[in-house]
Amino acid sequence: MPSIKLLATTALALVTGLTPAFAEMTEVGASEGQLNIVAWAGYIERGETDKAYDWVTKFEADSGCKVSVKTANTSDEMVALMNEGGFDLVTASGDASLRLIAGKRVQPINTALIPSWSKIDPRLQDASWHTVDGVHYGTPYLWGPNVLMYNTEVFKEPPTSWNVVFEKMDLPDGKSNEGRVQAYDGPIHIADAAQYLMFHKPELKITSPYELNEEQYAAALELLRVQRTLVGRYWHDAFIQMDDFKNEGVVASGSWPFQVGLLQSEKLPIASVIPQEGATGWADTSMLHAEAANPNCAYKWMEHTLASNLQSDLSVWFGGNPVVPAACTDGSGMQTAEGCTANGLDDFDKIRFWTTPVANCSQGEGACVPYYRWVSDYIGVIGGR
């Protein structure tokens, strides 16, 4: 087992006002034999879905760590699972990571124990969704935009606006969009509505879709109530959404590149676009549970995930961008420079990445609507209130 030391930090003071002490690993020791991870669908593949995509089997053989994965469909589900315990790592998006830090469910990592840390995109190394007061709480894993997925038989030309899923209208095939569009089943979708309003209602003066005062927030909820009359199903399971596009007449929805790629691989009439209003996005981080039972395996996995060939294949499989930029060009895996460009590599500064809404924001102390309100109010919107 590794030797450890106590690390006193003020990292959480910005979020909770507390100053906890953590046990920081100073060396990686012998494998414990297993590793339990909470992850998004499609994030950790062992060749079972497609034999060409397997970054688990060799890791298990080399490390002696048997990998077990629990798939989560939303950030809220990830937070709940980490609160329950029994997991070593989670691939958390920005709307979960700060909550996990504030709730003391994850611990700081010692980047000196991750030899490939220097290979990470500098824009991600100190990103605000996993770095608090200069302390790192995870290893970047993958990033990308939330795209507008659409049926190319209905849209002969790519839609130029998110209005096809937010406002009642007839689509290019002459039929109404009522019952034919979807929206994400998660409170963070409020940010998509806010981003839409940033473009179409500049008088609201929204500067960030995650920092909304009461007036801005009310406008976003009202737009979502309109959307409620159009949505056939709110999606959170990627595979159910794909089935809805194949079999249930859904023709447009916010989605992830993962679904787009799989549907296209089946030769279905599916494409995606980032419309004129821009897009929210996700930058996901492997975070170590505060009470991880298998920290040595966890550190070995975090180093493994930064291998250029893994990052290359992962970015092709999921349709995201590698956190190790060299994976786009070094030929170590399936990805190419053109593929990374298509996945939005050059759009990093245009994407508004998921983050946890808090009351104290750039508009002032207590000026913004905090996330717990987003949760309860979005449930109300879905329920027709």
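Me: Why does Lys-205 count as exposed?
Reply: Its relative accessibility is 65%. Exposed means over 50% relative accessible area, buried means under 20%, and partly exposed is in between (1.4 Å probe, protein chains only). So Lys-205 goes in the exposed group at 65%.

Me: What sort of model are we looking at?
Reply: This is a predicted model, where local features need pLDDT of at least 70, side-chain atom pairs count only at pLDDT 80 or more, and totals for chains, interfaces and linings use all residues. Residues are numbered from 1 along each chain as its sequence is written, and side-chain values use heavy atoms, with hydrogens and water left out.

Me: What is the mean pLDDT of the protein chain?
Reply: The mean is 92, and 94% of the residues reach 70 or more. That number is the predictor's confidence in each residue, on a scale from 0 to 100. Residues 1–21 are another story: there the pLDDT is below 50, though the stretch still has 52 contacts in the model beyond near neighbours in sequence. A contact here means heavy atoms within 4.5 Å.

Me: Where is Lys-104, and is it buried or partly exposed?
Reply: Lys-104 sits in the loop between α4 and α5 (122–125). Its relative accessible area is 34%, so Lys-104 is called partly exposed. Phi is positive here too, near 60 degrees, in a residue other than glycine.

Me: What makes Asp-76 and Arg-99 a salt bridge?
Reply: Their side chains come to 3.0 Å, N to O. The rule asks for a side-chain nitrogen of Lys or Arg within 4 Å of a carboxyl oxygen of Asp or Glu, so the pair qualifies at 3.0 Å. Asp-76 lies in helix α3 (residues 75–84) and Arg-99 in helix α4 (residues 94–102), so the bridge ties together parts 23 residues apart in sequence. Asp-76 is partly exposed at 24% relative accessibility, and Arg-99 is partly exposed at 21%.

Me: How many salt bridges does the structure hold?
Reply: There are 14. Some of them form a network linking Arg-46, Glu-60 and Lys-66.

Me: Which residue does Arg-373 bridge to, and how do you know it qualifies?
Reply: One partner is Glu-214, with the closest N and O atoms 3.1 Å apart. Arg-373 belongs to helix α14 (residues 371–382) and Glu-214 to helix α8 (residues 214–228), so this pair ties together parts that are 159 residues apart in sequence. Asp-377 also forms a salt bridge with Arg-373, at 3.7 Å between the closest N and O atoms. Asp-377 and Arg-373 are 4 residues apart in helix α14, so about one helical turn separates them.

Me: What makes helix α12 mostly covered?
Reply: In α12 (residues 308–318), 9 of 11 residues are buried. Among them are Leu-310, Leu-314, Trp-317 and Phe-318. The buried residues pack against β8 (139–145), α10 (257–265), β14 (279–288), α11 (295–305) and β15 (321–322). Just after the helix, Gly-319 takes a positive phi of about 80 degrees.

Me: Why is strand β9 described as largely enclosed?
Reply: 5 of the 5 residues of β9 (residues 147–151) are buried, so the strand is largely enclosed by the rest of the structure. Val-147, Met-149 and Asn-151 point one way, Leu-148 and Tyr-150 the other way.

Me: How do you know that β9 pairs with β12 and β13?
Reply: Two strands pair if DSSP finds at least two bridges between them. With β12 (residues 252–255) there are 4 bridges, running antiparallel, and Leu-148 has Gly-254 as its bridge partner there. With β13 (residues 270–273) there are 4 bridges, also antiparallel, and Met-149 partners Ser-272.

Notes
Helices (H or I, at least four residues) and strands (E, at least two) are DSSP runs, numbered from the N terminus.
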